[in-house]
Amino acid sequence: MTDTLGWRRKFGVIAPSTNTIVEPDFAAMTVPGVTAHFSRIHIRDQDLSDDAHFENLLAQIRAEIGFACERVLTCEPGYMVMGMSAETFWGGVEGNREFVAQIKAITGLEVATGAEACERALTLHGARRIGVVTPYQPVGDANVVRFFGEIGFEVTAIEGLKCPTAVSIAHVTEDELRAAILAVDGPDVDAIVQCGTNLSMVRLADEAERWLGKPVIAINAATWWMALRDNGIHDKVYNAGSLLRDH
């Protein structure tokens, strides 16, 4: 029986319970016949005030993610999407590979991750030198730099916003994000990448591509693009950046 609303594909999406941005972002970028069904990872301690607390958040995610996957499987999705990004960069290429293998082992499904989506997007654009914006503490930024370095991209500048809690990531304004984009840009930068699925940057990234004249990759848009294209869905989505509009 084909689902009456998700007649092309049902996505199972995993996101932290504290995240208020990724779900409405995915909903805004959806196309006919595709539905996204969220399962939340219970975050009991959302303090991100330093490196130790940041790593504690990831420990909570690792302890809970299997349960979140099992819950969303009950709606019988055909594909998994990670609505979180820090864990997909952690430990570099090998860490990402292990994370993807874990999700596939639990669900039996293919999965879109922010890290792989950014890699595909940068490769598509022919970028090599990148500026990066994150909401993370230094330990998170170091793992992002490591991941991109191991797959052949040079991070020329990174702006970690050091958000104090998981929920406060969603409070970062467009003015603050615009300043962060400009801080990591330069004539030697081929593209800008934004990490952190609870940062609201899809609309701003679309605008920034026009005034910078280069790719600006919002991680929620890139992840959604990967999920759609992996499933043979090539509809254009507007107001979410060049990936979804032109590729």
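How far apart do the end C-alpha atoms of residues 116–247 lie, and how much of the span is helix and how much strand? The first legend takes this up, and the other views follow from there. Please keep in mind throughout that this is a predicted model.

**Figure 1. The span annotated in UniProt, residues 116–247.** An unreviewed UniProt entry places the feature "domain: Plant heme peroxidase family profile" on this stretch. The end C-alpha atoms of the span are 16 Å apart.

**Figure 2. Helix H8 and its surroundings.** Helix H8 covers residues 202–212, and its buried residues are Val 202, Leu 204, Ala 205, Asp 206, Ala 208, Glu 209 and Leu 212. What do these buried residues pack against? Their partners are the helices H1 (22–28), H7 (174–184), H9 (219–230) and H10 (242–246), together with the strands S7 (191–194) and S8 (216–218).

**Figure 3. Arg 210, a residue of helix H8.** Is Arg 210 buried or exposed? Its relative accessibility is 57%, so Arg 210 counts as exposed. Look also for Gly 241, which is 31 residues from Arg 210 in sequence. In space, the C-alpha atoms of Arg 210 and Gly 241 are 9.5 Å apart.

**Figure 4. Where helix H7 crosses helix H8.** Two packed helices are described by the angle between their axes and the distance between the axes. Here the axes of H7 and H8 come within 11 Å and cross at roughly 40°, so the two helices are oblique to each other. Their crossing is right-handed. On the H7 side you will find Glu 174, Leu 177, Arg 178, Ile 181 and Leu 182, which meet Arg 203, Leu 204, Ala 208, Trp 211 and Leu 212 of H8. Sorted by class, this contact has 7 nonpolar residues, 3 charged ones and no polar ones.

**Figure 5. Helix H2 packed with helix H4.** H2 spans residues 51–73 and H4 spans residues 92–107; their axes are 10 Å apart, at an angle of about 40°. H2 is therefore oblique to H4. The crossing of this pair is right-handed. From H2, Ile 65, Gly 66, Cys 69, Glu 70 and Leu 73 meet Phe 99, Gln 102, Ile 103, Ile 106 and Thr 107 of H4. What classes do the residues in this contact fall into? There are 6 nonpolar, 3 polar and 1 charged.

**Figure 6. Gln 194 in strand S7.** With a relative accessible area of 1%, Gln 194 is buried. Which residues is Gln 194 in contact with, leaving aside its neighbours within four places in sequence? They are Val 133, Leu 199, Met 201, Ile 217, Ala 218 and Ile 219.

**Figure 7. Positive phi at Glu 76 and at Asn 239.** Glu 76 sits in the loop between H2 and strand S3 (79–82), and its phi is near 60°. Glu 76 is exposed, at 63% relative accessible area. Asn 239 belongs to the loop between H9 and H10, and its phi is near 70°. Asn 239 is exposed as well, with a relative accessible area of 60%.

Conventions. Residues numbered from 1 in each chain as written. Predicted model: local features only at pLDDT ≥ 70, side-chain atom pairs only at ≥ 80, totals over all residues. Heavy atoms only, no water. Buried < 20%, exposed > 50% of the residue type's maximum accessible area, 1.4 Å probe, protein only. Helix = DSSP H or I, 4+ residues; strand = E, 2+ residues; numbered from the N terminus. Contact = heavy atoms within 4.5 Å. Axes fitted to C-alpha atoms, helices over the stretch in contact; angles between N-to-C directions. Parallel < 35°, antiparallel > 145°, perpendicular 65-115°, else oblique. Left-handed = near helix turned anticlockwise from the far one by under 90°. Nonpolar A, V, L, I, M, F, W, Y, C, P; charged D, E, K, R; others polar. UniProt positions renumbered as here; feature names shortened; annotations may be inferred.
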